[in-house]
Amino acid sequence: WNVGYPFQKGLKRDDVGFLCHLVRHIQKKYGLDKNNAFLTGMSNGGEMCYLMAYRQPKTFAAIASVAGLTMEWLYKSEDPRGTVPFMEIHGTSDSISAWEGDLTNEGGWGEYISVPSAVGIMIAQNRCTFEEKTVLPLKEKGANVVTLHHYKGGIPAWKDGPQSDVLLYEIDGGEHSWGFGDMDTCQAIWDFFKEYLR
């Protein structure tokens with residue numbers, strides 16, 4: 001996905017536009033409800049989730065990123081254009097998409113801000129007012145500890161709808177992965193998405 005990595009400089013491909021067009025095409029062709037489109041992706045797909053949350057937040061009912069990042073150029077040049085329920089799942093020992101960010105581009109992917117900062121932008125944009133923190137039961141012996149930071153009290157996702165929450169699953173010691181050994185990632189994403197079905 002074209003998310004503005006340094007090696008993508010000059011690339012004209014508009015993947016935000018492509019995904020929005022694809023969603024509309026599939027909805028029209030198969031008669032699907034336009035209110036119930038959701039987006040998730042990992043790593044580069046996670047960056048795409050953040051880019052979509054900034055540029056086209058109303059295309060999807062909710063967005064979930066796994067090991068995704070907010071590029072510094074996006075943070076400095078654009079403001080999110082609306083609210084969207086958002087989730088991030090991220091390991092604190094991720095050596096590819098570093099939890100603490102990489103503002104000097106040591107990893108070669110371009111400068112990006114820390115995960116807590118990136119999620120904080122979503123929290124502020126959704127106007128969440130408080131956090132509930134839960135340590136999940138260990139999935140299995142030797143698994144990493146997972147802490148769910150659930151930010152609530154946000155703007156309603158639609159009139160009389162649920163609030164636009166932001167979730168951060170912090171996998172203590174987790175690496176650049178889907179997190180299967182530490183949590184049921186697919187179930188967590190679905191549990192989040194189904195709160196915003198209409």
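**Helix α1 and its surroundings**

The buried residues of α1 pack against α2 (44-55), where contact means heavy atoms within 4.5 Å, and helices (H or I, at least four residues) and strands (E, at least two) are DSSP runs numbered from the N terminus. This is a predicted model, in which local features need pLDDT of at least 70 and side-chain atom pairs count only at pLDDT 80 or more, while totals for chains, interfaces and linings use all residues. Residues are numbered from 1 along each chain as its sequence is written, and side-chain values use heavy atoms, with hydrogens and water left out.

Helix α1 comprises 16 residues, 15-30, and spans 22 Å from its first C-alpha to its last, close to the 22 Å expected at 1.5 Å a residue, that expectation being 1.5 Å times one less than the number of residues. Its buried residues are Asp15, Val16, Leu19, Cys20, Val23 and Gln27, buried meaning under 20% relative accessible area, exposed over 50% and partly exposed in between (1.4 Å probe, protein chains only). Because they cover an arc of only 145 degrees around the axis, they sit on the same side of α1, the arc being that of the directions from the helix axis to the C-beta atoms. On the other side of α1, His21, Lys28 and Lys29 are exposed.

The angle at which α1 and α2 pack is about 80 degrees, and their axes are 10 Å apart; axes are lines fitted to C-alpha atoms, for helices over the stretch in contact, and angles run from 0 to 180 degrees between N-to-C directions. This makes α1 roughly perpendicular to α2, a label for angles of 65 to 115 degrees. Here Asp15, Val16, Leu19 and Cys20 in α1 meet Met48, Leu51, Met52 and Arg55 in α2. Just after α1, Gly31 takes a positive phi of about 65 degrees.

Elsewhere, most residues other than glycine have a negative phi. Arg127, however, has a positive phi of about 60 degrees although it is not a glycine, and Arg127 is found in the loop between α4 (115-126) and β4 (130-135). Asp160, another residue other than glycine, has a positive phi near 65 degrees; Asp160 lies in the loop between β5 (146-152) and β6 (166-171) and counts as exposed because its relative accessibility is 76%.

In helix α5 (residues 185-194), the residues Thr185, Ala188, Ile189, Phe192 and Phe193 are buried. Seen down the axis of α5, these buried residues fall within an arc of 130 degrees, so they line one face of the helix. Their cover includes β1 (38-42), β2 (62-66), β3 (86-91) and β6.

Definitions and conventions:
Parallel < 35°, antiparallel > 145°, perpendicular 65-115°, else oblique.
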